Structure formats: structure tokens, C-alpha cells
Amino acid sequence: MDQVRIGILGAARIAPTAVVKPAERSPLVEVVAVADRDTERAARFARKYAIPMAHKSYDALIDDPDVDAVYNPLPNALHAPWTLRAIEAGKHVLCEKPFTANEAEARAVAAAAASAGVVVTEAFHYRYHPLAERIRTIVQDGSLGTVHSISTWMCIPWPLFDDEIRYSYDLGGGAMMDTGCYAVHCMRLLGTGEPKVVSARALLHTPRIDRAMTAEFSFPDGSTGRIDCSLWSRQFLRIAAHVTGDRGELRVVNFVRPHLFNRLRWTVQGHTMRETVRGEATFDAQLRGFARAVLYGEPTLTPAEDAVFTMRLIDDVYRAAGLPPRGISS
């Protein structure tokens, strides 16, 4: 096999940006099929993006012998069931974040992928841009000295009336799931060891759904962490990271889509440096990384095993805030 043939589960709005357009720019990937619960919607999507096959069901797409891998951008609560179904059919999976609805599901998916010998990776596309590696290096190579605190923000103004999926408990919604997973993942990237949740506070939309969340963490090395996430941000956008150490500090603007713009400023003992880290579109780099893992066995930067730790923290944040983790009755 010299090319990965991908099928898309659901004609989601993110699919053209995350897979369809990047595949057009990559010789390693071809989008060959799409399926949606609304068969006419799938047909329209296929016509618009010149996709050869529009299947009438998710099962039909997964069972298609011409499909090597599946892109899963379905609502959060459907990530685990359909990723597991694809694994059972021997398909590789690029699954949108958050990986599953909770830690237990993430563990089940990671175990199934390992047993089946297929590539299953979480679509944290930002991790594939050079900015992510640059900021991790600055924090972990001692440039800032002993790290004291790591803070990350992922706050956006998403209208309440615009998308019910993000505010549905049954579909795995909530700010912590939607934007908070980015903040947690980036905090983990910059920290040393796996943190534990100390406290959390939610701003509610409905009794079980958070429209904003703040959480405090502790790392094994004694440093602290904090994440702020929101789907109803008072600022237009706040997507940033801030790390302090005993020799200096690091500030990052827009770690999520750095190919559009980013700003990096770090100060060491009074000397300030500023950078803009250039790189291709994060989605292009992510899709290429996924394809190379499938074709050549190369490791991915966001494997299923890593997703288990992120989902554990998300579950613990919800519990600390007095809310049930997604997919778990309370």
C-alpha cells in the first residue's frame, strides 16, 4: 500500500478543513468515501468535494474494502462506539478530540487498537506544528530554570443557539470537553510527569453542562498547573499559555492554530526574546503524520495511549467541579 484511502464518518463541518483539503495536498492520502445519517447530506458532501462514494450508513463505510482508514468527527459520545467498530473491521482511525467521552472508553479503545495492530490517533492537530515542539523545548531544557507554574487558556465565544451538540450531556458536550481538552493537553505537553487535579469550578449552562471551567493541578515535581476554558468567553478569543520559572517566563499566543498566526515571548533573567514560529497548516502535518504511521509504522505524536491520560484528567476535573464525567450517570 502506497496511499491511505480514508472514509469520513459524518459530513461534519470540520471534515473539509481537517481531512478533505489536506488530502488534496498530500500524495499519501485519498478521501474515497463519506457516510452520514442523512443520506442526502452525504451525497451533497460527496458531490461538493468530489468524493467517489457516499455510503448510506456508517457500517457500510466501515465495511467498504476500499477504505483503509476512518476519520471520526462524530459527536463526542459517538467517538468510542464507532472507533471500536472501525477497529473491529481492521481499519485505522483518526479520531477527533476529545478522544472519547471518558477515561474508561479511552482505555477500551487504546486496548482494542493495540490488540488489532491498527493505528488509532487523536486529532490534536496543533501538536504537529513546530510551535508545539519549540515551546516544549524552551520549558523543558532548563531555559526558564525550575518551573513553578503552567497556565493554559482556550476560551472562545460560541453562541448558545448555534450548536446544540456542544451543550448536550448525552452527546458528550460541555466546555471542558470541547475547548478544555486543548488546554489540558497543552498543559501536559509543557509539564513534567502527569498532573493531578486539585480543584475545579464550573460556570453552568444547564445542571450538567459547563459553559466555562477553571481547574487547578499539581505536578509530581511540585509545579502547579491551571487551565481556563470557555464556550462563552467575554473576550473574543483567548488561546494562550504562560509558564513561569525561577529564571524567567514564557508566554505563547495561539498554540491551537499557529499556522494562522502565533506569538512567542520568553524572558530569561531580564532579557526578552520574541519569535513567530512558522510552519505549514497543522491539519496538513497531522494527516501526513497519520498516513506515515499507517504506511511506514512511524510513531504518531498523539497516540491512543496518550489520550487515556487526557481523558482521566477531564473526568477528574468534572468530579472536582461537582459534575458527572460525560457518559457516566451520577
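Predicted model: local features only at pLDDT ≥ 70, side-chain atom pairs only at ≥ 80, totals over all residues.
Student: Is R127 buried or exposed?

Tutor: A residue is called buried when its relative accessible area is under 20%. The relative accessibility of R127 is 7%, so R127 counts as buried.

Student: Which side chain forms a polar contact with that of R127?

Tutor: Leaving aside neighbours within four places in sequence, the contacts of R127 include A132, R136, L189, L301 and T302, together with E133. A polar contact of 3.2 Å joins the side chain of R127 to that of E133.

Student: Which residues lie nearest the centre of the largest pocket?

Tutor: The largest pocket has a volume of about 1300 Å³. Its lining comprises 24 nonpolar, nine polar and 11 charged residues. Of the 44 residues that line the largest pocket, those nearest its centre are R13, I14, W158, R166 and D178.

Student: Which strands each supply at least two residues of the lining of the second largest pocket?

Tutor: The second largest pocket, of about 420 Å³, is lined by 18 residues, and L203, A212, S230, W232 and R234 lie nearest its centre. By class, the lining has eight nonpolar, four polar and six charged residues. The strands that each supply at least two lining residues are β7 (147-155), β8 (196-206), β9 (209-218) and β10 (224-230).

Conventions
Residues numbered from 1 in each chain as written. Heavy atoms only, no water. Buried < 20%, exposed > 50% of the residue type's maximum accessible area, 1.4 Å probe, protein only. Polar contact = N/O pair within 3.5 Å; in protein donor to acceptor, adjacent residues only side chain to side chain. Contact = heavy atoms within 4.5 Å. 1 Å grid on protein atoms, 1.4 Å probe; cavity = no way out; pocket = protein on both sides within 12 Å on 5 of 7 lines; lining within 4 Å. Points joined across faces, edges and corners; volume = space filled by probe spheres on them. Nonpolar A, V, L, I, M, F, W, Y, C, P; charged D, E, K, R; others polar. Helix = DSSP H or I, 4+ residues; strand = E, 2+ residues; numbered from the N terminus.
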